[in-house]
Amino acid sequence: MSAAAEIGRLLREDLRGRTAYGAPQLEVPVRLNTNESSYPVPHEVVEAIVTAVRDIARDLNRYPDRDFVALRDDLAAYLSAEGTPVRADQVWAGNGSNEVLLHLLQAFGGPGRVALGFTPAYSMHPIITTTTGTTWVDGMRGVASDGSPTETPFDLTAEAAVEQVRRHRPSVVFLCSPNNPTGTALEPDVIEAVHDAAPDAVVVVDEAYAEFRRPGRPSALELLQGRPRLVVTRTMSKAFALAGARLGYLAADPALVEALLLVRMPYHLSSPTQAVARAALAHAPRMLATVEAIKAERDRILQSLPGLGFAPVRSDANFVLFGGVRDAAATWQALLDAGVLVRDVGIAHHLRVTAGTPAETTRFLDALAALPADHRGGPTRTELPS
Ligand SMILES: *Cc1c(COP(=O)(O)O)cnc(C)c1O
């Protein structure tokens, strides 16, 4: 028996035949496939990070602060600056928001329980869910409450979401706003309606792209007061331009945060991680200085694509999903051959591109414009798979 067959025989039944998360990490000139910031950490923040890590290095013989009290203070202050006060005991953090989501599933999911999300959404939501033995249910966007297709394929209305929540009786509901990979933001009434329709569920609003949202678009942070089952997750990986540090966090009721202590590994946030995150948070305005420039490139992509024969979806994030691609895999490869890496998110006739620097965006648009005409096309809305 081969080693692979032997391991396959021993693997948990529910994991057999699954494929791992695998966004390609390729060395190409223009990398626009994982929604990172294209801008390196500014020099003055690099200096602050190095100093902070040097200051704690001598104490690496000791375990880190298990409850990362100072970091939670800083994260609470960062969130509060948006206008809704958040206290440190409402904050929890992990190695990326992926780990924070894992803690939520470990505490509130598990065998015999259901987590519901509305597809297409973040591909890690079902993966994290199923690793905890929780049953994943693929909810649908772009449908009315009677199941018929709506005019806009990726919208989620309160009525349709409520109907699906009532039908599947989940223990955890994932909402994502702005949503990856569609870029679409949710109206607050959808979040409130889902919350009220699911009295036995923890409702998680993944706001990984919150800092890129358009003016006037509220955050679910404003809904936390009086809703102990509501959770808002954020990350330093996107707007904060710190994906390599692995720091994600959430805001919720202190009682919910307390429950997460039951499932986290002790000392899960290393001292260097805490020091790096705090040094970066101390320079928040500098770290966020490129957000407006990135939004401008996003809007340039949205404006340019129709003229190139493609159909972009309006985005509140730092990326754009676009349709009108005859064969997504072929166009993905043609762009890669031109030195531009974008993302094939598995939606037929669509690709996703991150808004990068102006030069990167120009390279992407030029590469698209240079594609032969047969890259364009693909079915109209009504033919799209749901
Ligand atoms: C990128 C992304 C995250 C971030 O994950 P980290 O583990 O914090 O890097 C979370 N949610 C969504 C929807 C994302 O697109």
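## Close-up views of a predicted model

**View 1. Strand S7 (residues 230–235) and strand S8 (residues 248–251) pair in the antiparallel sense over four bridges.** Two strands are said to pair if DSSP finds at least two bridges between them, and both strands (E, at least two residues) and helices (H or I, at least four residues) are DSSP runs that are numbered from the N terminus. Within this pair, Arg 234 has Tyr 249 of S8 as its bridge partner. The model is a predicted one, in which local features need pLDDT of at least 70 and side-chain atom pairs count only at pLDDT 80 or more, while totals for chains, interfaces and linings use all residues. Residues are numbered from 1 along each chain as its sequence is written, and side-chain values use heavy atoms, with hydrogens and water left out.

**View 2. Seven strands make an open sheet in the order S2-S8-S7-S6-S5-S3-S4, and their pairing is mixed.** At the edges of this sheet are strand S2 (91–94) and strand S4 (135–140), each of which pairs on one side only. From one strand to the next, the twist averages 25°, where axes are lines fitted to C-alpha atoms (for helices over the stretch in contact) and angles run from 0 to 180 degrees between N-to-C directions. Helix H4 (residues 97–108) packs on the sheet, where it touches S2, strand S3 (114–119), strand S5 (172–176), strand S6 (202–206), S7 and S8, contact meaning heavy atoms within 4.5 Å. The direction of H4 makes about 155° with that of S7. Helix H6 (residues 158–168) also packs on the sheet, touching S3, S4 and S5, and its direction makes about 155° with that of S3.

**View 3. The ligand is surrounded by 13 residues, of which the closest are Ser 97, Tyr 209, Thr 235, Ser 237 and Lys 238.** Among the polar contacts (pairs of N or O atoms within 3.5 Å), a backbone N or O atom of Ser 97 lies 2.6 Å from an oxygen atom of the ligand, and a polar side-chain atom of Tyr 209 lies 2.6 Å from an oxygen atom of the ligand. A polar side-chain atom of Asp 206, in turn, lies 2.7 Å from a nitrogen atom of the ligand. On its own the ligand has 380 Å² of accessible area, and the protein covers 94% of this, as calculated by the Shrake-Rupley method with a 1.4 Å probe.

**View 4. An open sheet of three strands has the order S9-S10-S12, with antiparallel pairing.** Strand S9 (311–312) and strand S12 (351–354) are its edge strands, each pairing on one side only. Between S9 and strand S10 (residues 319–323) there are two bridges, in the antiparallel sense, and Pro 312 stands opposite Phe 322 in S10.

**View 5. The loop between S5 and helix H7 (188–197) holds Pro 178, and Pro 181 also has its place there.** The peptide bond from Ser 177 to Pro 178 is cis, with omega near -5°, and the bond from Asn 180 to Pro 181 is likewise cis, with omega near 15°. In the loop between S7 and S8 lies Arg 246, which has a positive phi of about 60° although it is not a glycine. For comparison, most residues other than glycine have a negative phi, and most peptide bonds are trans.

Notes:
A residue is near a molecule or strand if one of its heavy atoms lies within 4 Å of it. A polar contact is a pair of N or O atoms within 3.5 Å; within protein, one must be able to donate a hydrogen and the other to accept it, and residues adjacent in sequence count only if both atoms are side-chain atoms.
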